[in-house]
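I opened this model to see how the chain is laid out and what sits inside. My entries follow in the order I looked things up.

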Amino acid sequence: MIILKAVILGIVEGLTEWLPISSTGHMILVNEFINMQVSPKFMDMFLVVIQLGAILAVVVLNFTRLNPFSTKKTSVEKKQTFLLWQKVIIACIPAAVIGLIFNNYMEKHFMNAHVVAFTLVLYGILFIIIENYNKHRQPVINTLEELDYKRAFIIGVFQVLALVPGTSRSGSTIIGGLLFGTSRYVATEFTFFLAIPVMFGASFLKIVKFGLNYSMQELVVLVVGMIVAYIVSIISIKFLLRYIKNNDFKAFGWYRIILGLIVFAYFIVLG
């Protein structure tokens, strides 16, 4: 049963990590109903490190594009790749600094389903408002090459909002991109690449904090969750990039609102 639960959580992670609906929020909610019956310390680590499977999907799907040393690239293309990584690093600075300072506080006070329900609804409303606001605006940034360092940093500032579970890291950065003139496609792509150092860093810190004292069961659970998250993430990423070519993010906004209200209602019934 515990392996089956790891598979379910891996599916949830792979589906929700890249869609702007909050993977951590969904993981917390799902864990409310299918408690893994592992130590709280392991579960805290598992909910973060399972994201490594998801992030590997981005790396694999975009390996040549993200590799500045690829022999398939011209010198100009290699330079553009280095510049892209510079923008990613600059955008990571705000979340890295704020996250290191407030990470323990956030985990202690905000890692619960009530907070998730509230932020699901709040950012769902924001997505709808922003899409209506952008309805008659044309994006000024239509490719990653056009994305300047200032906008990259501002998008990184929006990523800080995702320290509160239920916000969605991809959701907050996409909102930042849309507000400051990027196309939906550029905002989404940059969000994917921005996740690489952020998730690797967060996972490394969790692994160090947990130590290497895994039981065989814990190790199997973690590996299964990561593998499933990797496979499902590939499907999820391809779907989202196709979807946003002809659609806006309102559907995700409505999904967040409905889910958040359902969660609120559930806890009201429970008292």
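**Overall layout**

I read along the sequence and found the pattern α-α-α-α-α-α-α-α-α-α-α-α. The protein has 12 helices and 0 strands. Helices (H or I, at least four residues) and strands (E, at least two) are DSSP runs, numbered from the N terminus. I noted that this is a predicted model, where local features need pLDDT of at least 70 and side-chain atom pairs count only at pLDDT 80 or more, while totals for chains, interfaces and linings use all residues. Residues are numbered from 1 along each chain as its sequence is written, and side-chain values use heavy atoms, with hydrogens and water left out.

**Size and surface**

Along the principal axes, the C-alpha atoms fill a box of roughly 50 × 40 × 35 Å.

I then looked up burial. Buried means under 20% relative accessible area, exposed over 50%, and partly exposed in between (1.4 Å probe, protein chains only). Buried residues make up 52% of the 271 residues. The protein exposes about 13300 Å², and carbon and sulfur atoms supply 70% of it. These areas come from the Shrake-Rupley method with a 1.4 Å probe; for residues, only the protein chains shown count as cover.

I also looked at contacts, meaning heavy atoms within 4.5 Å. Of the contacts with a separation of 6 or more, 81% are between residues 24 or more positions apart.

**Nonpolar cores**

Which residues touch the most other members of the largest nonpolar core? They are Trp 18, Phe 46 and Phe 190, in a core of 67 residues. Helix H11 (residues 216–243) gives the largest share of this core, 12 residues. Another core, of 9 residues, lies apart from it; among its members are Val 116, Ala 117, Leu 120 and Val 263. A nonpolar core here is a set of buried Ala, Val, Leu, Ile, Met, Phe, Trp, Tyr and Cys residues joined through side-chain atoms within 4.5 Å.

I followed Phe 190 further. Leaving aside neighbours within four places in sequence, Phe 190 is in contact with Leu 84, Lys 87, Val 88, Ala 91, Leu 144, Leu 147, Ala 152 and Ile 155.

**Helices H2 and H3**

I went to H2 (residues 23–33) next. Here 8 of the 11 residues are buried, so H2 is largely enclosed by the rest of the structure. The buried ones are Ser 23, Gly 25, His 26, Met 27, Ile 28, Leu 29, Val 30 and Asn 31. Their cover includes helices H1 (2–16), H3 (40–49), H4 (51–61), H7 (113–133) and H12 (250–270).

H3 has 7 of its 10 residues buried, so it too is largely enclosed by the rest of the structure. I listed Phe 42, Met 43, Met 45, Phe 46, Leu 47, Val 48 and Val 49 as buried. They pack against H1, H2, H4, helix H10 (184–210) and H11.

**Single residues**

Is Ile 50 buried or exposed? At 0% relative accessibility, Ile 50 counts as buried. I found Ile 50 in the loop between H3 and H4. Its C-alpha atom is separated by 9.2 Å from that of Val 228, 178 residues apart along the chain. Beyond neighbours within four places in sequence, Ile 50 has contacts that include Leu 9, Met 27, Leu 222 and Ala 229.

Ile 174 is in helix H9 and, at 0% relative accessibility, also counts as buried. Ile 174 and Phe 249 are 75 residues apart in sequence and 9.6 Å apart in space, C-alpha to C-alpha. Not counting residues up to four places away in sequence, Ile 174 touches Pro 20, Phe 127, Ala 187, Thr 188, Thr 191 and Phe 249.

I looked at two loop residues with positive phi. Gln 37 has a phi of about 55° although it is not a glycine. Gln 37 sits in the loop between H2 and H3 and is exposed, with a relative accessible area of 66%. Ser 168 has a positive phi of about 90° and is not a glycine either. Ser 168 lies in the loop between helix H8 (149–159) and helix H9 (169–179) and is buried, with a relative accessible area of 5%.
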